[in-house]
Amino acid sequence: MKESMLRRALLITAVVGLALGLGVWRSGIGPISRDTIWAAATLPVVVTLAISILRDFWIGRIGVDAIALVSMSAALLLGQALAAVVVAIMYAGGTVLEDLARGRAERNLRALTDRAPRVAHRRSAHGTETVPIDQVTVGDELLVRAGELLPVDGILIDASAQLDESTVTGEPLPERRRTGDGLRSGTVNAGEAFFMRASAVADKSTYAAILRMVAAAQTAKAPFIRIADRFALLLLPATLLVAGIAWYLSNDPIRALAVLVVATPCPLILAAPVAFIGGVSRAAHAGILMKGSAAIEALAQTRTAIFDKTGTLTLGGTELIEIDVAPGQQADELLRLLASLEQASHHILADSIVRIARHRNLTLSQPHDVREHRGEGLKGQVDRMSVAAGSRSLVIGNRPLPKWAESGEERHRNAQVLRVFLAIDGQLTGIFTFGDAIREDAPDTLGVLRSAGVARIVMLTGDDGTAAEKVSASLQLDEFFADATPAEKVATVEAEKAKAPTMMVGDGINDAPALAAATVGIAMGARGGTASSEAADVVVLTDRLQPVAEALRISRRTRGIALQSIIVGLALSGAAMIAAAMGYITPVAGAILQEGIDVAVILNALRALGDGRLKHNRN
């Protein structure tokens, strides 16, 4: 903030000095000459810039700002005070413009921090009390009022809730959640008040993780920006060489000064950071967290994509594929009884069964006298009926399958599925088949990646070869690796990375080492995979695969805009330098011309904030 105010003060001083000098020049009267006024207005900029350059030089960095210092100093020494003050205005104005541009680019990220939840309404023996969120502990029951942010991650304990998850996931429409569903901090209650049970403290909740990633995004420096710094190292000696040649051939130091003035692209090299911050901001709009501009730089150059299978290319193995129903029974009623019993289980499949039943608006009953047979299933009472659910051996023992169940058993005999048998009062009434279905958006996402220039798409999974081959064939992948341990996944990623820049996309804890090993790691973070999200460079906050392709598109567009800003700016500056060396541009005119170039490249860099897609009007 202090640095920004200093830059504005320098700009105001230079502008006022220019105006006063012009006034004295026009009137022809005054106790101080116009050149003295312009020199005095330039000196604060020169001193401030000299201090800044010395500080950078001390840490081993030098940039094109040195050209601005040389040009202003030379102008003062050669008696060209008007050119000096115009360069001072150009330099100070460029830094102020860059501050404004950076501020605009960071606005969406800063908004995330500003809206962070700070208090929670905790249920106690005396009613509801409002406490700071750092006092919330796991298991606390919290009231979330209409329009409020969810303070921590938790589980919904009321019947239903309507949530606006756009800030966290990028989804524009409110989502309906039901009892037992997981809730994430930072989302907004878009319906009536409800109660939830905290499942994580504030620092371990979703929104806190997002804020940590945002902080990384704002401070990280991309390799591409360091390349821009190297442009500066080349430009400085080139400028001095051209200026020296112009002076030598013309025997006119003013020509050398004109060359120095037009070669002062003060905010030019800053256009790259502005573009990258804009890209990070744009990605946040789409439910994608880029951990700094380095992630954009790495992703933009990706040529190979490696995907985990379970939970990434597929839905995770807990989707209901089929229900075989005994004669006289109803599928929804059997699902209701199964889900009612599974409420008493802690198995991961039980959560999916309950979720599926609630999404079908089935009313669940409270189970009683439930006994869990580890690794086999459950037995208990539901609506005064004896219900058993689980493996074939638990539910029907050694008895043969009835005729109605034989076709389903044969159909799924060698398939990678999980079969849950359901018996009511000792009679087999239904068989539920769960499998790992391919995501609906997977084919389109892979197609977009290929059209964007990803030449090789590979699947890397710990599952068996039969299941992997089936998925690979369905998605027309270039290659797949099955039965891979975490160590083997890392080795495979390293081998692919040695051939071409490689992205790794995964969601599980076992994917974390591979994500960290890749050129750029992308975590499917919607299901709360903390380890994979921490190891990744990019986190997709929605439970969809399509944002992976969108992340690549944003990265390539952002890098292209940054590169365009630098190359076009330097090309224009180079052309102006040649014109100045030949005597076609005066120092004052050159300063004005260079200011226009600087403004143009920064405005171009700000395009990274936009979507970049053409929009057609419909008549």
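Strands β11 and β18 run parallel and are joined by four bridges. Strands and helices here are DSSP runs numbered from the N terminus, with at least two residues of type E for a strand and at least four of type H or I for a helix. Two strands count as paired if DSSP finds at least two bridges between them. Within this pairing, Ala 305 has Ile 457 in β18 as its bridge partner. Strands of a sheet pair through backbone hydrogen bonds, either parallel or antiparallel.

The model is predicted: local features need pLDDT of at least 70, side-chain atom pairs count only at pLDDT 80 or more, and totals for chains, interfaces and linings use all residues. Residues are numbered from 1 along each chain as its sequence is written, and side-chain values use heavy atoms, with hydrogens and water left out.

Strand β18 (residues 456–460) also pairs with β19, in the parallel sense, over three bridges. Here Val 458 has Glu 479 in β19 as its bridge partner. Four of the five residues of β18 are buried. Buried means under 20% relative accessible area, exposed means over 50%, and partly exposed lies in between (1.4 Å probe, protein chains only).

Both pairings belong to an open sheet of seven strands, in the order β10-β22-β21-β20-β11-β18-β19. The pairing in this sheet is mixed. Its edge strands are β10 (288–290) and β19 (479–481), each of which pairs on one side only. On average, neighbouring strands are turned by 20 degrees against each other, direction ignored.

Two helices that pack on the sheet are described next. Helix α18 (residues 465–475) touches β18 and β19. The direction of α18 makes about 155 degrees with that of β19. Helix α22 touches β10, β11 (304–307), β20 (502–506), β21 (520–524) and β22 (538–540). The direction of α22 makes about 45 degrees with that of β10. Axes are lines fitted to C-alpha atoms, for helices over the stretch in contact, and angles run from 0 to 180 degrees between N-to-C directions. Contact means heavy atoms within 4.5 Å.

The largest nonpolar core has 94 residues. Such a core is a set of buried Ala, Val, Leu, Ile, Met, Phe, Trp, Tyr and Cys residues joined through side-chain atoms within 4.5 Å. Met 290, Phe 307, Leu 449, Met 503 and Val 548 touch the most other members. Helix α22 (residues 546–581) gives the most to this core, with 14 residues. Beyond its neighbours within four places in sequence, Val 548 contacts Phe 307, Met 503, Val 505, Ile 522, Met 524 and Val 540. Another core, of 24 residues, lies apart; among its members are Leu 364, Val 382, Leu 422 and Phe 434.

Elsewhere, Thr 239 lies in helix α8 (residues 223–250). Thr 239 counts as buried because its relative accessible area is 0%. Neighbours within four places aside, Thr 239 is in contact with Ile 67, Val 259, Leu 260, Ala 263 and Met 577.

The axes of helix α2 (residues 34–58) and helix α3 (residues 65–77) come within 10 Å and cross at roughly 145 degrees. Residues of α2 that meet α3 include Leu 43, Val 46 and Ile 53. On the α3 side, they include Leu 69, Met 72 and Leu 76.

Over the whole protein chain, there are 23 helices and 22 strands. Of its 619 residues, 49% count as buried.
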